[in-house]
Structures are given as structure tokens and as C-alpha cells.
Amino acid sequence: MTRQLPLALGLEHSPSLDDYIVGHNQVVIDALRRTLLGIGEDVLYLFGPAGCGRSHLLMGQCAMAEQKGLRCAYLPLGEHASLAPEMLEGLESLDLVAIDDVQCIVGDGAWEEALFALFNRCRDLGTRMLFSADCGPAALPLHLPDLRSRLAWGLTLSLQPLDERGRLELLQSLAARRALKLPEEVARYLLERTSRHPRDLLDTIARLDQASLSEKRRLTIPFVRDSLQLG
């Protein structure tokens with residue numbers, strides 16, 4: 001049975017590899033697609049700063065795997081305080097296990113031991129594994145050295161944050177998901193006057209969507225300025 005955890009299910013938009021704004025991360029997308037085809041690495045470890053799309057890629061990989069009839073699990077370790085390490089038991093029987101935000105369990109002995117054991121079981125059975133964290137395996141201050149070494153066994157790839165063009169594409173993509181037309185000059189205006197963090201851009205578009213629906217107006221610079229109270 002496929003296992004999906006609450007974080008993935010509660011999203012308004014289900015992330016996919018197709019709508020990820022690639023920017024300078026084409027090598028990562030290529031590696032993920034090769035893995036799905038069964039010709040890539042069985043273990044992939046993605047790392048990068050907050051906002052570079054780690055969770056998007058892990059959930060997108062799971063979504064693509066399901067479309068191919070594979071059984072997968074997505075586990076957000078940022079939620080580990082409300083979860084139990086025993087959740088990892090039996091996941092090796094699946095085709096793909098995606099473990100997000102490994103840095104969140106650093107120092108938690110029970111979780112480190114459980115993840116180490118899962119890794120070994122997956123390796124024995126050939127289960128594909130996908131990990132993410134905010135730093136590379138060698139930089140993770142894990143209390144269990146063997147877990148750190150296991151995480152470094154596969155292909156480790158660094159995710160690069162979006163540049164100016166990438167943020168512009170992201171803004172327009174977020175708007176399009178809500179059937180909003182966001183002209184490029186309006187998108188640039190937003191980038192100059194609001195937070196550029198992807199999570200904040202998502203919130204900005206949500207606010208503009210509500211305002212546009214309420215007032216039945218297009219997204220123009222004057223309307224955006226007044227709706228968001230921008231100077």
C-alpha cells in the first residue's frame with residue numbers, strides 16, 4: 001500500500017517535477033528522472049538552503065513514481081515531533097522512500113537509529129531512497145557517524161536558489177495555477193517591493209487572488225500596490 005503523510009496531502013497544489021522552476025538545477029532534475037527510469041542512482045541526497053525547492057522535488061518525485069505504478073512514501077522529518085520512529089518500519093518493501101529535512105532529527109537518538117536501520121534494509125532490498133537536508137551529509141552533526149556515512153553513499157547534489165529570472169518564472173507560475181494573468185511588469189514590481197522567498201511569494205499571490213476575486217479586477221501595478229499597501 002502506498003503511504004502518503006499529511007504534509008503532502010494538505011497542499012492546495014500537488015507539487016510535480018514538471019512545474020518545478022529549474023533555474024540552475026537541471027542536473028538534479030535529470031538525476032531524478034533517471035532514477036525513476038531505473039537507470040540512475042538508487043540513493044540520491046539533495047541539499048540546499050530554505051526556499052530552493054527541496055520538498056517540492058521530493059513530493060514531485062513521489063507523484064511521478066505513483067504515475068508509473070510505483071509504491072512510495074514521503075516522510076517530512078520537519079514533523080518528526082508529532083511522529084514516531086516506528087513509522088519507518090516496513091518502508092523498505094516499497095519502491096521509493098523519500099525522506100525530507102534530515103537535519104531536523106539531528107541529535108534525536110531514536111530517529112537516527114531508526115533511519116540508519118531503514119537505510120540498511122532498503123539497501124539490502126534495492127529500494128530507491130531520496131533524501132533532503134539543508135547541508136551535505138558530511139556537514140550534518142549527527143550523533144550516529146554510521147548514518148552520516150550511509151547518507152553519503154549515493155549521489156549528492158547541491159540545489160541552487162532561484163536567480164532573478166527564476167523568481168519571475170515562479171511568480172507567474174504561481175499566478176497561473178490560480179488562473180491569474182500576471183504581466184511581467186507587475187511581477188517585476190512585486191519582486192522589487194516584496195519578500196523574494198518562495199514561501200512569501202506564494203502568500204503574496206494568494207492575497208492577490210483573493211483581492212482580484214473580491215473586486216473583479218485585473219492584476220495591474222496600481223491594483224497590486226493598493227491591495228498589498230506597497231509604497
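Q: Why is tryptophan 153 called partly exposed?
A: In this predicted model, tryptophan 153 has a relative accessibility of 46%. Buried means under 20% and exposed means over 50%. The value falls in between, so tryptophan 153 counts as partly exposed.

Q: How many aromatic pairs does a search of the whole structure find?
A: The search finds two.

Q: What makes the pair of phenylalanine 119 and phenylalanine 131 stacked?
A: The ring centres are 5.9 Å apart, and the cut-off for a pair is 6.5 Å. The planes meet at 20 degrees. Planes under 30 degrees apart count as stacked, so this pair is stacked.

Q: Which parts does the pair of phenylalanine 119 and phenylalanine 131 tie together?
A: Phenylalanine 119 lies in helix α4 (residues 109-125) and phenylalanine 131 in strand β5. The pair therefore ties together parts that are twelve residues apart in sequence.

Q: How do you know whether phenylalanine 119 is buried or exposed?
A: Its relative accessibility is 1%. Buried means under 20%, so phenylalanine 119 counts as buried. Phenylalanine 131, with a relative accessible area of 2%, is buried too.

Q: Why is the pair of phenylalanine 119 and tryptophan 153 called edge-to-face?
A: The planes of phenylalanine 119 and tryptophan 153 are 75 degrees apart. Phe119, Phe131 and Trp153 form one aromatic cluster.

Q: What makes serine 132 buried?
A: Serine 132, in strand β5 (residues 128-133), has a relative accessible area of 0%. That is under 20%, so serine 132 is buried. Beyond its neighbours within four places in sequence, its contacts include Leu46, Arg54 and Ile99.

Q: Why do the side chains of serine 132 and aspartate 100 count as a polar contact?
A: The contact is 2.4 Å. The limit is 3.5 Å between N or O atoms, so the pair qualifies.

Q: How do you know that β2 and β5 pair?
A: They share five bridges, in the parallel sense. Pairing takes at least two bridges, so β2 and β5 pair. Phenylalanine 47 stands opposite alanine 133 in β5. Four bridges also join β2 to the parallel strand β6 (residues 155-158), where leucine 157 stands opposite leucine 46.

Q: What makes the span of helix α8 close to the expected one?
A: Helix α8 (residues 198-215) has 18 residues and reaches 26 Å from its first C-alpha to its last. At 1.5 Å a residue, 26 Å is expected.

Methods: Residues are numbered from 1 along each chain as its sequence is written. This is a predicted model: local features need pLDDT of at least 70, side-chain atom pairs count only at pLDDT 80 or more; totals for chains, interfaces and linings use all residues. Side-chain values use heavy atoms; hydrogens and water are left out. Buried means under 20% relative accessible area, exposed over 50%, partly exposed in between (1.4 Å probe, protein chains only). A polar contact is a pair of N or O atoms within 3.5 Å; within protein, one must be able to donate a hydrogen and the other to accept it, and residues adjacent in sequence count only if both atoms are side-chain atoms. Contact means heavy atoms within 4.5 Å. The expected span of a helix is 1.5 Å times one less than its number of residues. Rings of Phe, Tyr and Trp (its six-membered ring) pair if their centres lie within 6.5 Å; planes under 30 degrees apart count as stacked, over 60 as edge-to-face and the rest as tilted.
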